[in-house]
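Subject: Structure handover

Hello,

Here is the structure I promised to pass on. Please open it first, then read the notes below it.

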Amino acid sequence: MTRIGELPPSLGQHFSVSTAREEGVLRSRLRASDLESPFRGTRRRASALETTDAATDIGPMTGPHRAEQLQRRADAHGYAPRMHPEHFFALETAAALWGAPLPLFRRLGEDGDDLPVHVGVFGTGSLPRLAGVTGHRMRPATTAVCTLEGLRVTTPASTWASLGTLPLHDLVALGDYFCRVWRPGYGRPRTDRQPLTTPARLRAATASGRRVGVRRLREALALVRTDSWSPRESQVRCILVEAGLAEPELNIDVFDDDGRFLGCADMAYPRMKVAVEYHGIWHSSTYARDVERIARLRAAGWTVIEVTADLVGRPADLVSRVRQALG
């Protein structure tokens, strides 16, 4: 019999009550304060929330976006112990597990259990019936499933093609994330990492059958690129292109006339020596490097347009600044 205060290592971070009881864990132990009950019939160790994102690079998310993503991931892992073997995580839950950048679903400052776990099932299989879980009937012809972190989840391409109700710019950012190619360059990390999917696979998934929002998916497909590093960069690029400006090159290494490396520009028009730089959280660990990089570009004769979230919210002003710089 397991003593109070001990849990069998075989239970892991997330487990079902029934499995724990089979392992000899007392009911009183399952009510202890170091365990949480994310869903009826499940438990997770309090420390599990600290390691939920450890197995996967969860992408370029910060602030409330990261908070929502981490909650979706934690809830998926919390529900997994009682998940039916034929079920799989889908839609926004799958996107979060892949680390993909989703738009905010809550208003800033809101809290609460309003981010359901999305679970898919093929054919006429039974749907989950549990508070906080939303079931979806899906078709094998349009939905591919794989294993990620030990969980059954829709593939990146199927996940993207299932989210056609998202706004266009968010779909593009999602596609850019899934298709990013980790090219070698000065100081670029993880150049051996493979893209999660490709534009061709997104196209095939979109064309595999009837899709909600298929017109928007097709429109987004034409805008997905493999060199974008963040959802905000994707949004800025879309704003510029939709305004009729030439599409900038993405994350290119810039050198001076003597061949010295100046820095990597987020978006650039090399022939006109114009760079467009997006700044997220200014007081981040990269702040000093960003300042020095922009200073080097300007000293070499480049015009650098610095973009913040506030400027993105005024797209006409953003477009005007870039257009003026391009002459």
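A charge is said to sit over a ring if NZ of Lys or CZ of Arg is within 6 Å of the ring centre and within 35 degrees of the ring normal. Keep in mind that this is a predicted model. With that rule, R72 lies over the face of F105, 4.8 Å from the ring centre. A second case is R180, whose charged end sits over the ring of W182 at 3.7 Å from its centre.

F255 is partly exposed, at 37% relative accessibility.

Y186 also pairs with F261; here the centres are 4.3 Å apart and the planes are at 10°, so the pair is stacked. F261 belongs to strand β10 (residues 261-269), so its pair with Y186, in the loop between α7 and α8, links parts that are 75 residues apart in sequence. F261 is partly exposed too, with a relative accessible area of 28%. Together, Y186, F255 and F261 form one aromatic cluster.

Now a helix. α13 (residues 315-326) has 12 residues and reaches 17 Å from its first C-alpha to its last, close to the 16 Å expected at 1.5 Å a residue. Which residues of α13 are buried? They are L318, V319 and V322. Seen down the axis, the buried residues of α13 fall within an arc of 95°, so they line one face of the helix. In general, an α-helix has 3.6 residues a turn, so residues three or four places apart point the same way. The buried residues of α13 pack against α10 (231-242), β10, β11 (274-278), β12 (303-307) and α12 (309-312). On the other side of the helix, A316 and Q324 are exposed. Just after α13 comes G327, with a positive phi of about 75°.

Last, the cysteines. A disulfide is a covalent bond between the sulfur atoms of two cysteines. How many disulfides does the structure hold? The number is zero. C146 is partly exposed, with a relative accessible area of 24%, whereas C264 is buried, at 12%.

Regards

How values were computed. Residues are numbered from 1 along each chain as its sequence is written. This is a predicted model: local features need pLDDT of at least 70, side-chain atom pairs count only at pLDDT 80 or more; totals for chains, interfaces and linings use all residues. Side-chain values use heavy atoms; hydrogens and water are left out. A disulfide is a pair of cysteine sulfur atoms within 2.5 Å. Buried means under 20% relative accessible area, exposed over 50%, partly exposed in between (1.4 Å probe, protein chains only). Rings of Phe, Tyr and Trp (its six-membered ring) pair if their centres lie within 6.5 Å; planes under 30 degrees apart count as stacked, over 60 as edge-to-face and the rest as tilted. Helices (H or I, at least four residues) and strands (E, at least two) are DSSP runs, numbered from the N terminus. The expected span of a helix is 1.5 Å times one less than its number of residues. The arc is that of the directions from the helix axis to the C-beta atoms. Contact means heavy atoms within 4.5 Å.
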